[in-house]
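Please look over the sequence and the model shown here before reading on. The briefing is meant for someone meeting this structure for the first time.

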Amino acid sequence: MQEVAAYLLLVVGGNETPSADDIKSVLAAAGNEEPNEDSISALVGDMEGKSVNDLLAEGMDKLKDVPMGGGGGGGGGGGGDAGADAAEEEEEEKEEEEAGDAPVVDMFGGDDGGDY
């Protein structure tokens, strides 16, 4: 996989047909001290006479036939009792407002209550 990444980096960098030595130098620069010679030679052999852009375009054509995503999920449930819920929410809000009238306390334990 590293070999393919190095090949693509070289192509993006302007080298349309990277050689095995080019791929090895990119892998060495990335810290891979012992590149896999077999993988590199197989990759260069497979890519000989082919364009990366053409191969990517062919791959995209194949991907268009692959089903992606789920079934879309089911629809939402009915909202038959929405009026009762709204009345309950109003009652809860009134209760919260009444409970919010508690005295203000200094949470750090100071007695002066002054500004910080």
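Predicted model: local features only at pLDDT ≥ 70, side-chain atom pairs only at ≥ 80, totals over all residues.

Residues are numbered from 1 along each chain as its sequence is written, and side-chain values use heavy atoms, with hydrogens and water left out. The secondary structure of the chain comes to five helices and zero strands, where helices (H or I, at least four residues) and strands (E, at least two) are DSSP runs numbered from the N terminus.

**The chain as a whole**

- Read from the N terminus on, the elements of the chain follow the order α-α-α-α-α.
- Of the 116 residues in the chain, 12% are buried, a word that here means under 20% relative accessible area, with exposed meaning over 50% and partly exposed lying in between (1.4 Å probe, protein chains only).
- The chain exposes about 9,500 Å², and carbon and sulfur atoms supply 51% of that area; accessible areas come from the Shrake-Rupley method with a 1.4 Å probe, and for residues only the protein chains shown count as cover.
- Among the contacts in the chain with a separation of 6 or more, 38% are between residues 24 or more positions apart, a contact being heavy atoms within 4.5 Å.

**The largest nonpolar core**

- The largest nonpolar core has 10 residues in all, namely A6, Y7, L10, V11, I23, L27, I40, L43, M47 and V52; such a core is a set of buried Ala, Val, Leu, Ile, Met, Phe, Trp, Tyr and Cys residues joined through side-chain atoms within 4.5 Å.
- At least two residues of this core are supplied by each of α1 (2-12), α2 (20-29) and α3 (37-47), and the largest share, four residues, comes from α1.
- L43 lies in helix α3 and counts as buried because its relative accessibility is 13%.
- Leaving aside neighbours within four places in sequence, L43 is in contact with E3, V4, Y7 and I23.
- V4 has its place in helix α1 and counts as partly exposed at 37% relative accessibility; the C-alpha atoms of V4 and L43 are separated by 7.4 Å, although the two are 39 residues apart along the chain.
- L43 and S19 are 24 residues apart in sequence, and their C-alpha atoms are 9.8 Å apart in space.
- L27, another member of the core, touches Q2, E3, A6, N32, P35 and I40, not counting residues up to four places away in sequence.

**Polar contacts in the loops**

- N32 is placed in the loop between α2 and α3, and its side chain makes a polar contact with the side chain of Q2 at 2.8 Å; a polar contact is a pair of N or O atoms within 3.5 Å, where within protein one must be able to donate a hydrogen and the other to accept it, and residues adjacent in sequence count only if both atoms are side-chain atoms.
- A polar atom of the side chain of N32 also lies 3.3 Å from the backbone nitrogen of E34.
- K50 lies in the loop between α3 and α4, and the side chain of K50 reaches the backbone oxygen of D46 at 3.3 Å.
- K50 is partly exposed, with a relative accessible area of 44%, and its C-alpha atom is separated by 9.7 Å from that of E16, 34 residues apart along the chain.

**The salt bridge**

- Side chains of opposite charge can pair when their charged atoms come close.
- The count comes to one salt bridge, defined as a side-chain nitrogen of Lys or Arg within 4 Å of a carboxyl oxygen of Asp or Glu.
- E37 forms a salt bridge with K24, and the closest N and O atoms are 2.8 Å apart.
- This pair links distant parts of the chain, with E37 in helix α3 and K24 in helix α2, 13 residues apart.
- E37 is partly exposed at a relative accessible area of 43%, and K24 counts as partly exposed at 23%.

**A nonpolar surface patch**

- M60, L63, V66 and M68 make a nonpolar surface patch of about 410 Å²; patches are made of residues with over 30% relative accessible area and no salt bridge, like charges being joined within 9 Å and nonpolar side chains (Val, Leu, Ile, Met, Phe, Trp, Tyr) within 5 Å.
- M68 is placed in the loop between α4 (52-63) and α5 (82-99), and M68 is exposed, with a relative accessible area of 60%.
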